[in-house]
Amino acid sequence: MNTQDSIYKTDALIAENIEEYLEAHQHKTMLRFITCGSVDDGKSTLIGRLLYDSKMIFEDQLATLEADSKRSGTQGEEIDFALLVDGLAAEREQGITIDVAYRFFTTEKRKFIVADTPGHEQYTRNMVTGASTADLAVILIDARKGILTQTRRHSYLVKLLGIRHVVLAVNKMDLVEYSQEVFDKIVADYTAFAAEIGIETFTPIPISGFKGDNITGPSENTPWYDGASLLPHLEAVEVEDSREQAGPFRMQVQWVNRPNLDFRGFAGLIASGQIRPGDEVRVLPSGKTSSVARIVALDGDRDMAVAGESITLTLADEIDCSRGQVIVASQSPLEVADQFESTIVWMDEHDLVPGRAYWLKIGTQTVSATVQEPKYEVNVNTQDHLASKTLDLNAIGVANITLDREIPFAPYDESRDLGGFILIDKISNQTIAAGMINFSLRRAQNIHWQATDIGREHHASMKHQTPSVLWLTGLSGSGKSTIANIIEKKLARMNRHTFLLDGDNVRHGLNKDLGFTEADRIENIRRVGEVARLMTDAGLIVITAFISPFRSERDMVRSMMQPGEFIEVFVDTPLEVAEGRDVKGLYAKARAGQLKNFTGIDSPYEHPEAPELRIDTTEMTPEEAADLIIARLIP
Amino acid sequence: MDNKTLTHLQRLEAESIHIMREVVAEAENPVMLYSVGKDSAVMLHLAKKAFYPSPPPFPLLHVDTTWKFQEMYKLRDKAAKDAGMELLVYQNPEAQERGINPFDHGGLHTDMWKTEGLKQALDKYGFDMAFGGARRDEEKARAKERVFSFRSANHRWDPKNQRPELWRIYNARKAKGESVRVFPISNWTELDIWQYIHLEGIEIVPLYFSAPRPTVVRDGLTLMVDDDRFPLNGEEPVMRSIRFRTLGCYPLTGAVESEAKTLPEVIQEMLLTTTSERQGRAIDHDQAASMEKKKQEGYF
């Protein structure tokens with residue numbers, strides 16, 4: 001009954017005819033899968049068993065394993081397969097897997113890459129990471145316990161990340177006396193649940209990772225089960241090639257290859273479809289068309305390339321195309337937009353700040369993006385929608401995202417490469433979230449920028465001045481408003497056209513709907529930035545006096561302006577000095593707990609790292625400060 | 001429409017090339033660490049493919065211990081020349097001065113020449129991204145390492161603070177002073193490497209093939225007497241038919257007795273053998289978590 005000999009590296013063939021063996025192994029395909037479950041479900045044991053049964057464990061490793069099993073194993077005298085896969089020292093001591101580990105094993109038909117991730121709720125981000133590249137998911141269930149909350153969570157994540165093949169491995173069948181009744185009940189329960197969350201098909205298999213039942217071949221203990229065993233099933237599941245290649249051609253340009261002036265190659269990995277020399281293509285977002293001249297490779301030009309391959313192609317015409325743009329089949333272009341609804345998985349210790357600018361990397365393109373307040377958060381255990389103002393570590397929510405430019409994309413459902421993105425914090429550079437585009441918002445496509453005939457240069461030249469933004473930032477009571485006032489008076493005397501935007505004044509009108517939470521402070525600065533930009537378009541010198549405590553928002557305003565137009569002035573007054581002045585009595589109130597989110601007291605102030613000017617108010621008068629700033633503006 | 005089924009090696013190749021191009025697109029000053037072993041040979045071959053018809057747009061860096069096999073030095077110089085790439089060789093001057101060697105200094109040898117040498121070389125040239133040929137199947141600590149592995153300004157790896165890596169998107173952003181080690185062949189196994197070398201006809205150091213070589217046996221390791229710096233304590237080198245499954249400093253690298261003279265024979269032997277690849281290296285035997293510790297300190 002045991003099919004092991006036919007499945008695994010057949011020692012006889014290797015010994016007798018290595019050439020034939022190599023020939024056979026050159027045609028293996030590859031399958032990536034993820035195992036979902038926790039230590040209690042026997043997940044590590046199952047993976048250890050797969051490695052062991054496919055002979056991926058060598059004698060010296062086995063010796064170490066046996067010694068380790070005796071020392072810290074949980075299986076008595078038996079080999080504890082879990083110890084094979086629990087990698088880092090810290091987690092071996094704690095007895096849990098805390099990260100994503102990748103394991104490899106191979107059979108005659110396939111190479112397998114297993115993403116091994118922990119199953120607990122606090123490791124949702126790890127599971128999402130592992131699932132993002134998987135073609136198949138093995139969802140483990142303890143036969144004694146049936147479908148648990150975590151099963152629902154794992155299944156939801158598997159569906160969310162678009163994994164098309166699901167195996168329901170009902171494990172520890174040895175502990176329920178290989179009961180068909182138990183198995184059938186679990187399968188029935190799961191069928192109902194799977195339909196609820198949109199998993200259309202799945203393959204249930206009764207197994208015991210510990211005893212090895214139905215892993216490599218049919219088990220004598222489950223005569224009532226006539227389906228495939230786990231490994232033969234994994235070997236037989238259809239790989240993604242045909243589905244990927246059936247779609248229209250899409251390739252995100254990764255790098256432009258220019259060894260000399262006569263050659264311009266566009267390098268990238270084909271996300272979908274096929275391509276041949278002569279095929280008509282279109283470059284997005286520009287929309288320019290051309291045709292493929294050559295598919296260039298080290299071992300000679302190629303006739304054809306398909307989804308999943310990394311290639312270099314040249315075009316028949318000299319058209320602009322650079323990293324981040326997408327080359328597509330000319331007859332089926334992609335949608336281009338700058339606003340999306342997306343599902344976001346938060347992966348950082350610091351919560352999402354709606355309105356803050358983050359980097360968004362999609363394929364090979366990085367753009368600036370802001371996330372709006374979530375429409376709702378999803379309870380990963382029940383899939384209920386909850387109201388939420390932010391997303392914290394491991395939270396999943398749906399929110400609109402606005403980019404600083406239009407990008408070509410596809411909904412994640414259609415393409416992982418063109419619809420999956422990550423968010424990166426601009427200060428820490430950490431990957432803080434993973435996102436999946438659901439659809440574009442029509443708004444962006446309907447509002448066109450109205451080109452005006454009288455441009456900003458014209459406005460500025462009529463005023464005989466260079467538009468600028470003098471951005472004063474510093475603690476409350478540092479002297480921003482005082483200095484700003486003096487600057488404006490002095491500039492007026494010099495016949496300069498100015499406008500002063502003051503923090504307190506703006507909050508009486510334009511921003512009176514905003515409070516002092518982190519999100520409201522960011523929106524406050526964003527609006528002021530937009531107004532300042534309109535005013536520079538009108539040719540004005542804008543002076544602003546806002547605490548503007550966050551580095552990323554000051555940088556956001558800087559990025560709205562023309563290069564050199566934004567002059568950041570750090571009005572540097574130590575907290576003790578500002579608090580000592582306390583002109584408006586605000587520090588006293590904040591200390592007494594009557595004012596919340598007060599900068600310097602219970603809300604942070606992030607010092608500018610490289611301001612154009614730093615004013616030390618303990619060393620100069622407001623008058624001197626104003627002169628210094630004007631000298632920087634008008635040399 | 002005809003579909004083409006990609007083999008596992010084609011998938012792995014495409015992934016590695018994709019990773020290399022991401023690095024070249026995002027790095028200011030990339031470099032490829034080249035150790036002359038079979039993994040380096042595959043990595044270099046993939047780089048040639050990734051950037052053809054340009055030569056790979058970065059130099060090769062060999063962090064040398066002065067104790068490599070002579071045949072490795074020969075192939076190193078030839079491979080760089082064939083690829084049209086600049087070859088940088090770095091030897092830690094302090095280790096040089098103190099005469100650090102594997103016979104007298106044990107663990108200090110690896111620490112000074114390799115770990116310290118690598119840090120010094122990266123600092124000296126200001127490389128911000130360095131390709132390495134490590135694979136996840138080599139060792140448990142490596143199974144969890146990212147493809148883009150961040151190092152602090154003092155080159156430390158923090159296994160608890162790794163960036164999530166999703167899909168094919170790699171976040172290469174970093175602060176000044178930080179650097180990234182990038183492992184484009186993370187998902188290859190030893191068997192994949194051999195099959196690919198076979199399929200693509202990649203040149204490797206002849207030491208991987210069996211030949212009669214002068215050897216002595218010490219502490220259970222069969223060592224090759226590669227030059228006259230090998231102190232013989234009354235031992236008489238014996239000619240044995242040996243080859244190496246992994247290459248490092250010759251006094252630290254154990255040989256296996258073998259008759260495998262061709263690539264298929266080497267692969268055959270590898271498949272039928274029952275001990276893992278790193279067993280021939282003295283470095284891993286200390287303790288279960290030794291690799292993880294070394295990595296945290298900056299070893300590749």
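A residue counts as buried when its relative accessible area is under 20%. Keep that cut-off in mind for this predicted model.

Stop 1: Select Cys36 in chain A. Its relative accessibility is 1%, so Cys36(A) counts as buried. Now jump to chain B and pick Cys249. Cys249(B) has a relative accessible area of 5%, so this residue is buried too. How many disulfides does the structure hold over all chains? The count is 0.

**Stop 2: chain B as a whole.** Show chain B as a cartoon. You will find 10 helices and 10 strands. Colour by burial next. Of its 300 residues, 62% count as buried. Finish with the surface. The accessible surface of chain B is about 11100 Å². Carbon and sulfur atoms account for 48% of that surface.

**Stop 3: where chain A meets chain B.** Select the residues in contact. Chain A supplies 95 residues and chain B supplies 73. The size of an interface is often given as the accessible area lost when the parts come together. Between chain A and chain B, the buried area is about 7200 Å². Carbon and sulfur atoms give 57% of this buried area.

Stop 4: Which side chain of chain B meets Arg323(A) in a salt bridge? Select Glu22(B): the N to O distance to Arg323(A) is 2.9 Å. Between chain A and chain B, the salt bridges number 9. Last, display polar contacts across the interface. There are 26 residue pairs, with both residues at pLDDT 80 or more.

Definitions and conventions
Residues are numbered from 1 along each chain as its sequence is written. Chains are lettered from A and ligands numbered from 1 in the order in which they are written. This is a predicted model: local features need pLDDT of at least 70, side-chain atom pairs count only at pLDDT 80 or more; totals for chains, interfaces and linings use all residues. Side-chain values use heavy atoms; hydrogens and water are left out. Helices (H or I, at least four residues) and strands (E, at least two) are DSSP runs, numbered from the N terminus. Buried means under 20% relative accessible area, exposed over 50%, partly exposed in between (1.4 Å probe, protein chains only). Accessible areas come from the Shrake-Rupley method with a 1.4 Å probe; for residues, only the protein chains shown count as cover. A disulfide is a pair of cysteine sulfur atoms within 2.5 Å. Contact means heavy atoms within 4.5 Å. Buried area is the accessible area (1.4 Å probe) that two parts lose on being put together, summed over both. A salt bridge is a side-chain nitrogen of Lys or Arg within 4 Å of a carboxyl oxygen of Asp or Glu. A polar contact is a pair of N or O atoms within 3.5 Å; within protein, one must be able to donate a hydrogen and the other to accept it, and residues adjacent in sequence count only if both atoms are side-chain atoms.
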